[in-house]
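Visitor: I would like to learn how to read this structure feature by feature, with the general idea first and the particular case after it. Could we begin once it is in view?

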Amino acid sequence: MTRLLTVDSLTVALPQGADRPHAVEELSLHLDAGEILCVVGESGSGKSITANTVMGLLPKTLKVKAGTVTFEGESILGLSAEALRSRRGRRMAMVFQEPMTALNPLMRVGDQIAEALQVHGKGSEAKARVPELLAAVNLPDPASIARMHPFRLSGGQRQRVMIAMALALEPALLIADEPTTALDVTTQMQILRLMREIQERKGMGVMFITHDFGVVAEIADRVAVMQHGRIVEQGPASDILNAPQHPYTRKLIAAVPHGAALEKPAIRPSPVLVMKGVEKTYQRGGWFGPKAVVKAVHDADFTLNKGETLGLVGESGSGKSTLARCVVRLVEPEKGEILFHGKDLRPLSRQGWLPYRKRIQMVFQDPYASLNPRRKVGDAITEGPITHGVSPAEARTRALDLLRLVKLDPSAMERYPHEFSGGQRQRIGLARALAMQPELLIADEPVSALDVSVQAQVLDLLAEIRQRLGLTMLFITHDLRVAAQICDRIAVMQRGAIVELGPTEQVFGAPQHPYTRALLDSIPGRDWTPPVLAETA
Amino acid sequence: MKDFWRNFSRNRGAVVGLVVLVAVLILAVLAPVLYPGSPWDMAGMPFAPPGEEGMLLGTDSLGRDVAAGIAHGARVSLLVGAVSTVAALAIGVSLGAIAGYLGGLVDDLVMRFTEFFQTIPSFVLAILLVAIFTPSIASIVFAIAVVSWPPVARVVRAEFLSLRSREFVQASEVLGKSRLSIVVGDILPNALSPIVVLSSLMVASAILLESALSFLGLGDPNMMSWGFLIGSGRSVIRMAWWMSVFPGIAIFLTVLSLNLVGEGLSDALNPRLARNRGGKP
């Protein structure tokens with residue numbers, strides 16, 4: 001094996017006033033040709049900075065203070081911009097996280113790949129190579145795809161184009177910065193398989209940055225775990241995944257949703273919410289030209305029993321969020337019945353809805369958008385009960401109790417949302433919903449925007465609160481492991497319809513519908529069961 | 001608040017603008033003390049050049065003190081600028097909020113109504129309104145407000161449209177808050193910064209409009225104003241340049257400083273944008 005890349009005690013300084021002095025500190029790693037090194041860590045751990053340093057793409061405000069980066073036997077930190085450019089693309093290439101914005105929207109896909117060839121003096125080969133490259137990333141009909149503009153391609157297809165572009169000059173080193181994070185699970189699986197296959201065929205070295213241990217299990221030969229800018233543990237994938245040594249790695253792996261259902265009490269059938277024949281369609285166009293009609297929700301009947309948690313799972317655009325929003329009337333469906341304790345909520349007026357607002361509450365996905373930035377946390381939690389006639393003093397005591405319940409300090413009452421981290425904000429959002437003392441809680445991807453260790457905390461908290469308060473819950477998620485862990489029953493949605501509905505063990509153990517099977521096959525690292533680790537705290 | 005001032009003072013032009021603006025304000029407040037008596041009264045020889053006969057900025061064709069006219073005119077200009085902006089904001093913010101929050105058919109109706117006003121040349125409409133209602137300070141303020149609310153309505157509508165679909169607004173909706181308290185309590189405070197920036201620019205254009213109306217002789221006949229001073233000096237500009245130039249400079253400085261302050265406000269309220277614009281470190 002040839003040593004491709006060596007990073008030796010690299011230190012990159014952060015500008016003054018940041019939360020720590022160095023983005024990356026004393027970082028050493030190496031990568032051989034023909035292997036995939038996964039760099040894992042939570043947001044802010046410095047993994048992207050490491051990749052950008054190797055590519056010479058550091059922002060001007062960040063300076064390398066110490067250390068060396070050796071690529072193919074020569075040090076590249078001191079190289080001129082000119083010399084770096086001739087290596088970038090030709091010898092080392094990068095795939096970015098966000099396929100939707102990484103392509104030039106005004107240029108045909110084929111031209112963008114040809115451009116990569118041209119800048120390195122191989123423009124003459126472009127005509128023959130472009131279709132070849134597009135075929136190599138398993139895109140159907142390469143000739144016509146090459147003539148398309150990026151907006152006509154899906155996220156997964158764009159990411160394939162990005163990979164084709166990165167591979168155009170057959171680089172020795174490919175750096176992939178969370179290339180599948182923005183994609184749906186089934187697409188993610190296809191891209192992971194594709195990268196593995198190409199890497200084996202060409203014998204490239206791949207530095208793969210991710211936060212997801214499932215992805216690591218799927219693709220990595222070796223793993224480097226980063227925390228606060230340092231590598232805390234490094235080694236072969238099987239060692240790290242199955243016998244982690246460092247406490248932080250152990251904590252991360254313990255936080256990975258294990259996908260195993262917890263012991264759950266039996267649910268007696270006493271329906272709280274029944275959805276019958278609910279339909280929501282969106283129309284575009286009109287006036288001139290034909291109307292485009294999209295059925296966002298149809299054939300999505302379900303019954304939710306008291307004390308039960310029903311998981312709605314599906315990929316983006318499957319209508320799971322729309323369906324949940326129909327229940328709280330953020331979306332008004334055209335047809336169907338939404339029976340809450342036998343009373344149809346759909347035809348009710350805004351006024352008529354008011355008594356039900358107390359009983360049905362919602363937790364939102366994005367902890368950064370779901371709290372009013374100009375309102376103190378205490379006011380955010382108390383305003384709901386006050387609107388419904390609870391005295392301010394009582395609402396305040398209740399809010400203090402709730403802050404304790406979601407494990408926040410009472411001093412949080414007087415602070416603004418921006419002073420809190422994502423996980424803390426999500427707990428504030430939960431407290432706001434619980435302040436209304438609801439029977440039914442709708443959780444719309446409540447942990448998707450959080451790091452894995454925080455995600456585990458919030459999930460535990462949800463489970464605990466649900467038990468303690470006897471909540472009925474509708475839990476929306478795209479992450480099947482999370483769903484398996486928290487839900488009693490699971491409804492799988494595809495293109496606006498529920499295609500399979502059943503107890504969690506049954507859906508996971510003996511899936512009936514082909515789409516459910518495809519989803520389950522796409523869980524990254526499905527062959528890896530996180531080891532049961534003794535508490536290290 | 002501290003951050004606000006730091007970001008504001010980072011833009012040097014804005015600080016200069018603020019200083020000029022405060023100076024004009026002080027001049028307006030102190031006008032009766034500095035120049036007691038009516039600015040319409042004769043104070044000296046007609047056509048006295050600046051500096052002569054004890055007249056700092058000279059006198060006009062009837063011997064009235066130009067400096068006194070500018071000081072008293074500042075009151076009218078600032079008053080008209082401020083009041084008509086408040087009135088235009090009241091119309092624009094409420095219509096924009098209704099259109100943006102309710103959306104659908106209401107939005108269409110309100111926006112077509114807004115476009116109706118935008119397609120009429122605003123100055124012509126203002127002249128027409130003042131002529132119909134006879135020139136007075138009230139009719140001028142009314143006319144300026146009527147022609148200057150449409151941009152406010154559009155800005156507020158756009159802000160509301162994007163804020164309405166934010167999760168914190170949806171959360172308030174789910175909590176069962178009334179529409180009014182969502183609009184006033186949740187959306188409006190978050191839409192405030194573009195409104196504040198826009199209103200400083202609107203004061204500037206209101207002052208220009210008022211001057212233009214007075215220049216044409218449509219000003220309040222009982223109130224001295226900068227536009228009237230320029231208008232009355234227009235016919236004798238070759239022999240008495242000071243009659244038009246000094247009021248002109250007053251308008252220029254006030255409007256420029258309002259624009260600078262507006263830009264500073266925009267930088268201070270959207271510090272991220274300001275930094276991306278580069279320039280000042």
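Visitor: Why does Asn259(B) count as partly exposed?

Guide: A word of care first: this is a predicted model. Burial is judged here by counting neighbours, and a residue is called buried if 20 or more other C-beta atoms lie within 10 Å of its own, and exposed if there are 12 or fewer. Asn259(B) has 18 C-beta neighbours inside 10 Å, so it counts as partly exposed.

Visitor: Where in chain B is Asn259(B) found, and with which residues is it in contact once its neighbours within four places in sequence are left aside?

Guide: Asn259(B) belongs to helix α10 of chain B, which covers residues 242-269. Leaving aside the neighbours within four places in sequence, its contacts are Leu201(B) and Ala204(B). A related pair to look at is Asn259(B) and Val197(B), which are separated by 62 residues in sequence but by 9.3 Å in space, C-alpha to C-alpha.

Visitor: How many helices and strands does chain B have, and what share of its residues is buried?

Guide: Chain B has eleven helices and zero strands, and of its 281 residues 46% are buried. Its C-alpha atoms fill a box of roughly 75 × 50 × 30 Å along the principal axes. Among the contacts in chain B between residues at least 6 apart in sequence, 69% join residues at least 24 apart.

Visitor: At what angle do α8(B) and α9(B) pack, and which residues make the contact?

Guide: When reading a helix pair, take the angle and the distance of the axes together, and then look at the residues between them. Helix α8(B) packs with α9(B), residues 226-233, at an angle of about 40°, the axes being 7 Å apart, and the crossing is right-handed. On the α8(B) side the contact is made by Glu210(B), Ser211(B), Ala212(B), Leu213(B), Ser214(B) and Phe215(B), and on the α9(B) side by Trp226(B), Gly227(B), Phe228(B), Ile230(B) and Gly231(B). By class, this contact has six nonpolar, four polar and one charged residues.

Visitor: Turning to chain A, which strands make up the open sheet of four strands, and why is one side of β2(A) and of β5(A) left without a neighbour?

Guide: Strands of a sheet pair through backbone hydrogen bonds, either parallel or antiparallel. In this sheet of chain A the order is β2-β1-β4-β5, with antiparallel pairing. Strands β2 (22-32) and β5 (74-75) of chain A stand at the edges with a single partner strand each, so one side of each has no neighbour in the sheet. β4(A), residues 63-71, is joined to β5(A) by two bridges, and in one of the pairings Thr70(A) has Ser75(A) as its bridge partner. Helix α1(A), residues 47-55, lies across β1, β2 and β4 of chain A and runs at about 115° to β1(A).

Visitor: Which residues of β19(A) lie on one side and which on the other, and with which strands does β19(A) pair?

Guide: In a regular strand the side chains alternate between the two faces of the sheet. In β19(A), Thr472(A), Leu474(A) and Ile476(A) lie on one side, and Met473(A), Phe475(A) and Thr477(A) on the other, with both faces covered and all of these residues buried. β14(A), residues 309-313, runs parallel to β19(A) and is joined to it by five bridges, while β18(A) and β19(A) also pair in the parallel sense, over five bridges. Leu474(A) is the bridge partner of Leu310(A) and is likewise the bridge partner of Ile442(A).

Note on methods: Residues numbered from 1 in each chain as written. Chains lettered and ligands numbered in written order. Predicted model: local features only at pLDDT ≥ 70, side-chain atom pairs only at ≥ 80, totals over all residues. Axes fitted to C-alpha atoms, helices over the stretch in contact; angles between N-to-C directions. Left-handed = near helix turned anticlockwise from the far one by under 90°. Contact = placed C-beta atoms within 7 Å. Nonpolar A, V, L, I, M, F, W, Y, C, P; charged D, E, K, R; others polar. Pairing = 2+ DSSP bridges.
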